[in-house]
Amino acid sequence: MTTVAVMAEPPESGAVLTDLVERDRLTPDEASELYAAMLADVCEAIDGSGAELLVNYRADEQVPSEDGASEREVRSALDGVVDTDEVRFEVQVGSTESARAGNTITHLLEREGVRTAAVVRPTAALLGRQHIDTAAMKLRSNGVVLGPSTAGRISYAGFAEPIDFEDAFQTPTVETLVQRATDAGLAVDFLPTIPVVERDADLPTVVSLLRARNRADRLVPTRTTAALDEFGFEVVDRDGTTTVVRP
């Protein structure tokens, strides 16, 4: 069984999806709503797969939270989605994304002795349980399995052995992780490309894909789809550039 850690931020208004807020795509409250929806959909997919879900939340001193608020807010976002009394919640350790992800993976593999471990972005709402299970199978014969995303980012990173994680999540993350894995003599395999929602440029891809899948009666992350529908985004062409507009 793979232990999959979701690297979660507390969904506070004004503290998540800041690029979308700064570009006036979403209000701070809407950004919080969308982030919480994606976090819930991702955790539900992992919990429904053959993996063990670990919710790895940011330390209070690293986010604008009072003592204990970070865990409470993350738990609240998952209430009724997963059994929060049964799912593991642990605080992230490290000052950078690379350090936090690396510490989590190394601890799970070396201290807890799990066979395989992975980290997942909560903004990868289209990451489904089938991706999680496929990655687990690939990790049986590969040291590292990555879920590429757009702009050199990743949605999923799974490991059977630790690598050198110092600055390993620097852009382009997918290239950097592959380099570190091959430097360590590990075989690498990939999941399909899975878009994330973190920047303004991500919206046209995700909005149009979710609308298309919904119309075709294919599986979609229900909370994320509902939130984006509520905001009324429409994908349009503006002088040769694909973008989104709101009514």
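A168 is found in the loop between β6 (154-159) and α6 (173-183). In this predicted model, A168 has a relative accessibility of 0% and is therefore buried, the cut-off being under 20%. Along the chain A168 and A181 are 13 residues apart, and their C-alpha atoms are separated by 9.9 Å.

Let's turn to the charged side chains. How many salt bridges are there? The count comes to 18. Three of them are set out here.

| Pair | Closest N to O distance |
|---|---|
| R246 and E30 | 2.9 Å |
| R211 and E234 | 3.9 Å |

The salt bridge of R246 with E30 spans 216 residues, from the segment after β9 to helix α2. Here R246 is partly exposed at 33%, whereas E30 is buried at 16%.

R211 also forms a salt bridge with E234; R211 lies in helix α7 and E234 in strand β8, so the pair ties together parts 23 residues apart in sequence.

Strand β8 (residues 234-238) runs antiparallel to β9 (residues 241-245), joined by 5 bridges. D237 has T242 as its bridge partner in β9. The hairpin has 2 residues between the strands, and D239 takes a positive phi near 55 degrees.

Finally, the surface carries a patch of negative charge where D47, D83, D85 and E86 gather. Of these, E86 is exposed, with a relative accessible area of 64%.

Notes
Residues numbered from 1 in each chain as written. Predicted model: local features only at pLDDT ≥ 70, side-chain atom pairs only at ≥ 80, totals over all residues. Heavy atoms only, no water. Patch = residues over 30% accessible without salt bridge, like charges linked within 9 Å, V, L, I, M, F, W, Y side chains within 5 Å. Areas by Shrake-Rupley, 256 points an atom, 1.4 Å probe, with all protein chains shown as cover. Salt bridge = Lys/Arg side-chain N within 4 Å of Asp/Glu carboxyl O. Lys, Arg positive; Asp, Glu negative; His and termini not counted. Charge placed at Lys NZ, Arg CZ, Asp CG, Glu CD. Buried < 20%, exposed > 50% of the residue type's maximum accessible area, 1.4 Å probe, protein only. Pairing = 2+ DSSP bridges. Helix = DSSP H or I, 4+ residues; strand = E, 2+ residues; numbered from the N terminus.
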